[in-house]
Amino acid sequence: TNRIADLMATADLLITKSGTVSVLEAIHMQIPMLLDATSTVLTWEQFNHQFVQKHQLGQSFYTEEELKNKVEFLLHNKELLATYK
């Protein structure tokens, strides 16, 4: 789709790969992120995981079960979710 900005504007949480463009779009749109680390993270994308966590913009997930748990927890804890913007 060419309407990514519209979709992001309505999102409470973005589950995404850790590519720099995706991360920067989420930061610009102020959307909390869960970054996919279920497989080997590319060397040049590892910084994005560290940056997102250090600046409280979101978290990484390493398994599908962890993703499920984090999504449920964050969507039921709006105060915590709001700190990731």
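1. The sheet is open and has 3 strands, ordered β1-β2-β3 with parallel pairing. Strands pair if DSSP finds at least two bridges between them. Helices (H or I, at least four residues) and strands (E, at least two) are DSSP runs, numbered from the N terminus. β1 and β3 (58-61) are the edge strands, each with a single partner, so one side of each has no neighbour in the sheet. From one strand to the next, the twist averages 20 degrees.

2. A word on the source. This is a predicted model: local features need pLDDT of at least 70, side-chain atom pairs count only at pLDDT 80 or more, and totals for chains, interfaces and linings use all residues. Residues are numbered from 1 along each chain as its sequence is written, and side-chain values use heavy atoms, with hydrogens and water left out.

3. Look next at the β2 and β3 pair. These strands join in the parallel sense over 4 bridges. M33 stands opposite G58 in β3. α3 packs on the sheet and touches β2 and β3. The direction of α3 makes about 135 degrees with that of β3. Axes are lines fitted to C-alpha atoms, for helices over the stretch in contact; angles run from 0 to 180 degrees between N-to-C directions.

4. Helix α4 (residues 64-76) lies across β1, β2 and β3. α4 runs at about 155 degrees to β3.

5. Which residues of helix α2 (residues 20-29) are buried? They are S22, V23 and A26. Seen down the axis of α2, these residues fall within an arc of 95 degrees, so they line one face of the helix. The arc is taken from the directions from the helix axis to the C-beta atoms. On the other side of α2, V21, L24 and H28 are exposed. Buried means under 20% relative accessible area, exposed over 50%, partly exposed in between (1.4 Å probe, protein chains only).

6. What covers the buried residues of α2 includes α1 (4-10), β1 (14-16), β2 (33-36) and α3 (46-54). Just after α2, Q30 takes a positive phi of about 55 degrees.

7. The largest nonpolar core has 9 residues: M8, L14, V23, A26, I31, M33, L35, V52 and L57. Apart from it lies another core, of 8 residues, including L13, L67, L74 and L81.

8. Leaving aside neighbours within four places in sequence, M8 is in contact (heavy atoms within 4.5 Å) with L14, S22, E25, A26, M29 and I31.

Conventions:
Core = buried A, V, L, I, M, F, W, Y, C linked by side-chain atoms within 4.5 Å.
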